[in-house]
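Biologist: Before I rely on the words used for this model, I would like each of them set against its cut-off. Could you take me through them in turn?

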Amino acid sequence: MRKLIAVIEVFVFLAFIFTGCAAPDTQEEDLIVIGMSQTGAESDWRAANTESMQAVFTEKNGYRLLYDDARQQQENQIAAIRRYIQEKVDYIVVMPISESGWDAVLQEAYDAGIPVIIVDRMVDISDESLVTAHVGANFYAEGERAVAWMENEFPADQEINIVHIQGTQGSSAQIGRTQALTEAVEGNPQWNIICSMDGDFTQAKTYEVMKEYLAGCEVLPEIDVVYCENDNEAFGAIIALGEYGYRIGEGGTQIIAFDATKQALLYCREGKISVCIECNPMLGPLVESCISAMERGEKVDRYQYVDEGYFTSVDITDELLDSRSY
Ligand code: GYE
């Protein structure tokens, strides 16, 4: 029996040599292991962001991607990072739900010698060196683009009523976009925020809070602008406003939305969304080039921002829609 096993072992060994195949273990060992902690799946933007990462971190490209969906809970993200540290992954990639509360766990990753790349939103930490790089967007600049559109759209002496629907509280996207609006309102005595709500970046929550707000008004207010901090919030707001008889678009209630996903661009072409402020979710290639540079021993820039713009109905061409994959 033992002889038979030995013969089989020799045969398997020769088969690997002659077919040119490496044993599966060796192949696995060559892969760069990425532990990724994604915020959740709250929006179309998020789905596109996850897909963009999965498209580049493939075995074909030399990677093994471990993926964890934190379902919008920071404690789930922290638990996933701790698991990745124990598993001794090569890199940790985090899309942080909020800015605060990361010092301890990122220190643990640092002590374990695992580089951490923060993607999309930022973290607010006391020691910057705990993070190797941040790949994402400048959310304050996005907010400034929305404010510039408003300044251009409404005459300076016109009183305007704004409903502000914020994103997930404490996330960089919420903080930056909110800050730009708050500062603009402080500088424009004619601009009034008549209501501020948390839409948590989802269509369902925004539909709910918007309806609740309108249901609680004795007289329906005139609303000139709804500043939605992402597209899905805009979709929810449009449905709720429609149910209360609001006329959406120029001359009525104008919707501002952030992200510029395909569905929002289609709405923009129809006039349902007046301006789409772009936020690019396709960050996978940039994160991958950052990691491959580190693999080659090169130093990478700590902050890497993507270029973004904005769109109004005149910009929505068939080519743009065809080229939009998300
Ligand atoms: O705008 C929103 C998502 O952090 C930039 O999060 C991201 C934001 C994006 O849920 O749709």
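Predicted model: local features only at pLDDT ≥ 70, side-chain atom pairs only at ≥ 80, totals over all residues.

Biologist: What makes up the secondary structure of the protein, and how are its helices and strands defined?

Modeller: The protein has 12 helices and 12 strands, where helices (H or I, at least four residues) and strands (E, at least two) are DSSP runs numbered from the N terminus. Along the principal axes, the C-alpha atoms fill a box of roughly 90 × 45 × 35 Å.

Biologist: What share of the residues of the protein counts as buried, and what does the word mean?

Modeller: Buried means under 20% relative accessible area, exposed over 50%, and partly exposed in between, computed with a 1.4 Å probe and protein chains only. By that rule, 51% of the 326 residues count as buried.

Biologist: How many residues surround the ligand, and what makes a residue near?

Modeller: A residue is near a molecule or strand if one of its heavy atoms lies within 4 Å of it. The ligand is surrounded by 13 residues, and the closest are Glu42, Asp120, Arg121, Asn230 and Asp259. This shell divides into 5 nonpolar, 2 polar and 6 charged residues, given that Ala, Val, Leu, Ile, Met, Phe, Trp, Tyr, Cys and Pro count as nonpolar, Asp, Glu, Lys and Arg as charged, and the others, Gly among them, as polar.

Biologist: Which side chains place a polar atom by an oxygen atom of the ligand?

Modeller: A polar contact is a pair of N or O atoms within 3.5 Å; within protein, one must be able to donate a hydrogen and the other to accept it, and residues adjacent in sequence count only if both atoms are side-chain atoms. Ser43 has a polar side-chain atom 2.9 Å from an oxygen atom of the ligand, the distance for Asp120 is 2.8 Å, and that for Asn230 is 2.8 Å. The protein covers 100% of the 300 Å² of accessible area that the ligand has on its own, an area from the Shrake-Rupley method with a 1.4 Å probe.

Biologist: Why is Asp120 called buried, and what is its phi?

Modeller: Asp120 has a relative accessible area of 3%, which is under 20%, so it is called buried. Asp120 is found in strand β4 (residues 116–120), and its phi is near 70°, a positive value in a residue other than glycine.

Biologist: Why is Gln72 called partly exposed?

Modeller: The relative accessibility of Gln72 is 21%, between the 20% and 50% limits, and therefore Gln72 counts as partly exposed. Gln72 is found in the loop between β2 (63–69) and α4 (74–86), and it has a positive phi of about 65° although it is not a glycine.

Biologist: What makes the pair of Glu278 and Arg324 a polar contact?

Modeller: Their side chains are joined at 3.2 Å, a distance that falls within the 3.5 Å limit. A polar atom of the Glu278 side chain also lies 2.9 Å from the backbone nitrogen of Gly309. Glu278, in strand β10 (residues 275–278), is buried because its relative accessible area is 13%.

Biologist: How do you know that Thr39 and Gln38 may be counted as a pair?

Modeller: Residues adjacent in sequence count only if both atoms are side-chain atoms, and this polar contact, at 3.5 Å, joins the side chain of Thr39 to the side chain of Gln38. Thr39 is found in the loop between β1 (32–38) and α3, and Thr39 is called buried because its relative accessible area is 0%.

Terms used. Residues numbered from 1 in each chain as written. Heavy atoms only, no water.
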